Every structure is written in structure tokens, then in C-alpha cells.
Amino acid sequence: MAQIVINNLKKEFGDFTAVRESSFTIEDGEFFMLLGPSGCGKTTTLRMIAGLELPTSGEIYLDGEEISQRPPSERDIAFVFQMFALYPHMNVRRNISYPLVSQGMSRAAVKAKVAEVARILGIEDILDRPVGGLSGGDRQRVALGRAIVREPKAFMMDEPLGALDAEFREHMAEELRALHDRMGATTVYVTHDQLEAMQMGDKIVVMNNAVVEQFGTPQEIYDKPATMFVADFIGSPSMNFLSFDGQIGAGANEVDMQGASFGIPQAREGFAGQMALGVRPEHIHLADDAPYRGEVVATEYLGTTQIVTLTTAGGEVKARVPSGQVAQPGDTVGMTFDPATITLFERGSGRALR
Ligand code: ATP
């Protein structure tokens with residue numbers, strides 16, 4: 001069991017705040033992603049969970065026990081720094097058994113444990129090889145073996161695939177996820193790659209500027225972004241934002257925008273001011289007779305779909321539509337959006353109007 005609860009966690013370095021009061025819960029066995037742009041505080045959060053950094057305030061609970069001030073050695077959490085960090089002068093078996101030998105485990109117990117880990121990782125046949133001559137994938141498996149052999153309660157991984165090229169990275173990502181599914185150990189994984197987070201994560205925390213913007217499943221984060229930052233950071237091409245000045249009437253489920261009215265999902269009643277209507281490219285349909293119109297400025301062919309870029313009164317819009325649909329630069333076309341897929345934001349705060 002390893003449930004990790006983060007409560008109002010904060011970290012200051014001098015007068016710089018790297019992590020503002022953050023709260024979220026990592027359930028036992030989850031593959032949990034800390035996602036955000038460079039410098040937003042992901043690594044600092046991970047290091048506080050592992051005990052490599054002490055929080056300025058707030059608490060971390062591991063299975064209900066407060067661990068925020070304990071040293072790393074008393075947390076039973078493995079930090080996988082970099083998949084390729086191995087002892088080059090040792091063979092595979094010694095690299096994996098090293099943490100157990102240094103704990104003083106008996107030779108027979110070490111042997112059994114290494115055999116088990118090698119079987120899980122599928123590296124039984126390379127146990128006696130020097131690590132120097134191994135392929136990148138095998139080196140990565142050995143590094144993982146060294147982390148899992150201690151059977152920690154949870155794994156912390158900081159951009160473990162960051163140094164790999166795109167194709168190999170995707171392959172190792174699948175392998176890591178499959179390994180996690182076999183072992184079921186709670187894993188917290190830092191990445192700045194939204195696609196990696198969406199593909200691998202059970203849950204995602206999106207951070208920006210030391211703040212947790214949103215926490216949820218990949219689908220919740222994609223379909224119901226809490227802020228314009230999240231909406232923009234997740235998805236490619238990212239969500240469109242149409243700016244307008246408006247008011248949401250009592251019980252209304254429509255907004256009026258430059259003469260065209262749109263159905264909207266339940267938004268905050270009574271709000272008046274600058275809004276942004278957020279709609280993903282795949283939720284825009286081109287329709288000749290729709291009243292909200294734009295001019296096509298570019299098209300990008302992607303096989304079965306194409307990305308059509310339009311200028312509209314509310315700003316530039318990218319629509320993902322079937323390739324067969326004719327749209328030429330210079331054409332004026334109408335657009336419709338499915339109300340259920342729209343998110344309305346307050347422009348000033350960037351927060352969703354719910
Ligand atoms: P990256 O992907 O670039 O590592 P990150 O989201 O992991 O980004 P952190 O490494 O947590 O970000 O850093 C957050 C901020 O805190 C950065 O501005 C960084 O410069 C600062 N920071 C981190 N560690 C220290 C430290 N020991 N002393 C001072 N500032 C620090």
C-alpha cells in the first residue's frame with residue numbers, strides 16, 4: 001500500500017517560491033504524472049516527496065503517516081534519477097544486487113531476489129554481462145531493476161526518458177507502463193511532455209508558475225480544463241479561445257457573440273465581462289449557412305483530417321475537419337460548435353466559468 005497525500009505543500013528558496021500551497025492525492029498503485037513547463041516546480045515537488053528537499057510548510061502523508069520531515073532513508077521511496085546511471089565497472093547482476101548487498105542481505109536471499117527482478121524485466125540472459133556493452137534499452141531495464149529490487153513503497157521518476165530519441169522514447173514509455181501494470185507500485189513521474197502524460201498517466205497534476213492548476217484523469221483534464229493555461233497546454237493543436245464581451249443571463253444556456261448565438265453548457269449565471277469561448281479544433285464543424293463566420297487563411301493536410309486555420313471576429317481559429325471537406329484560402333465559411341464541448345473562461349483570471 002502506498003497512498004501519498006500532499007497537503008498545502010510549499011517550498012521557498014530564499015525569497016523565491018518554487019511551489020505554492022499544493023494539495024493533491026496520489027492513490028495506491030497509480031501511475032501519477034506531474035506535468036508542466038520548465039521551471040514550474042515539478043522536480044521540487046518530487047524531491048519533497050522523496051525527502052531530498054524539505055518543505056517550507058505543508059505536509060506529506062504516506063499511508064496516513066506524516067513523513068515531510070523524515071530523511072529519504074526512512075521513507076521507503078525510490079528515486080529513479082536517470083535510467084542510464086549505472087555502475088560501469090560492474091556486471092548486470094552486481095548493478096542490480098548492489099542495494100541489497102549494501103543493506104546486508106544474505107547471499108542466497110540476494111540471489112533469489114535478483115532472479116525474480118530479472119524475470120520481471122526479461123533480462124535473465126544478460127545478468128553476467130558487463131553493463132558497458134549493453135543496448136540503451138537493456139541499460140534502462142538494468143537501472144529499473146536496481147530501483148525495484150528494494151521493493152520500495154513508491155517510485156519517483158524525473159523525466160526518465162528525457163534523453164532518448166522520439167521512437168525509442170515511445171517504446172520505453174510503453175514498457176515502463178506495462179511494468180507498472182505488472183507490479184502495481186505507486187509511481188510519480190515528472191514530465192513536460194503533455195502527450196507522454198496523457199498516454200501514460202492514470203492521473204495528472206498540471207503545474208504552472210509554482211501553482212497546481214488542475215488535478216484529474218487525462219480525460220477530465222482534456223475535456224474539462226479548469227483554466228485557460230491547462231486548456232492551452234494540453235492537446236495539439238491546442239484549444240481555440242474566442243474573445244468577446246458578454247453576459248450570462250439568469251438560467252441562460254446561450255451566449256451572444258458578435259451577432260451569433262451559441263449554446264453553452266452550464267456556465268456561471270450572471271457573469272458579465274470579458275470571456276473566452278474555448279473549443280477544441282476537433283469540435284468545430286464547418287457549415288456554409290452558420291452565422292458565425294471566418295475566412296480561411298491556411299490548410300494543413302494530415303491524411304484523414306486537415307487543420308483549417310481561419311480568422312474570425314473573436315480571433316484566429318484552428319479546426320480539425322475531414323480532409324474531403326473543401327476549404328481554400330480566401331473562402332469565407334460558417335462554423336458551428338457542439339455546446340457540450342465548449343468551455344467558457346473568464347478572460348481576466350483565466351478560470352473556467354462553472
Ligand atoms: P525543469 O523541468 O526545468 O526541471 P521543474 O518544473 O522541474 O522544471 P523545478 O526544478 O522544480 O522546476 O524548479 C522550480 C523553480 O525553482 C525554478 O525556477 C528553479 O530555478 C528553482 N529552484 C529549484 N531548486 C532550487 C534551489 N536549490 N535553489 C534556488 N532555486 C531553486
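**Helix packing around H4**

Tutor: In this predicted model, Val117, Ala118 and Leu121 of H3 meet Arg141, Leu144, Gly145 and Ile148 of H4. Contact here requires C-beta atoms, placed from the backbone, to lie within 7 Å. Residue numbers start from 1 along each chain as its sequence is written. Local features need pLDDT of at least 70 and side-chain atom pairs count only at pLDDT 80 or more, while totals for chains, interfaces and linings use all residues.

Student: What makes H3 and H4 helices, and where do they lie?

Tutor: A helix is a DSSP run of H or I with at least four residues, a strand is a run of E with at least two, and both are numbered from the N terminus. H3 spans residues 107–121 and H4 spans residues 136–148.

Student: Why is H3 called oblique to H4?

Tutor: The two helices pack at an angle of about 135°, with axes 10 Å apart. That angle makes H3 oblique to H4, because angles under 35 degrees count as roughly parallel, over 145 as roughly antiparallel, 65 to 115 as roughly perpendicular and the rest as oblique. Axes are lines fitted to C-alpha atoms, for helices over the stretch in contact, and angles run from 0 to 180 degrees between N-to-C directions.

Student: Which classes of residue form the contact of H3 with H4?

Tutor: The contact has five nonpolar residues, one polar and one charged. Ala, Val, Leu, Ile, Met, Phe, Trp, Tyr, Cys and Pro count as nonpolar, Asp, Glu, Lys and Arg as charged, and the others, Gly among them, as polar.

Student: What makes H4 roughly parallel to H5?

Tutor: H4 and H5 (residues 166–183) pack at an angle of about 30°, with their axes 12 Å apart. It is this angle that makes H4 roughly parallel to H5. The contact joins Gly136, Gly137, Gln140, Leu144 and Ile148 of H4 to Phe168, Met172, Leu179 and Met183 of H5. Six of its residues are nonpolar, three are polar and none is charged.

Student: Which residues of H2 are called buried, and against which helices do they pack?

Tutor: A residue is buried if 20 or more other C-beta atoms lie within 10 Å of its own, exposed if 12 or fewer, and partly exposed in between. In H2 (residues 92–101), the buried residues are Val92, Arg93, Asn95, Ile96, Ser97 and Leu100. They pack against H3 and H4.

Student: How do you know what confidence the predictor has in the protein chain?

Tutor: The predictor's confidence in each residue is its pLDDT, from 0 to 100. The chain has a mean of 90, and 97% of its residues reach 70 or more.

Technical notes:
Contact = placed C-beta atoms within 7 Å.
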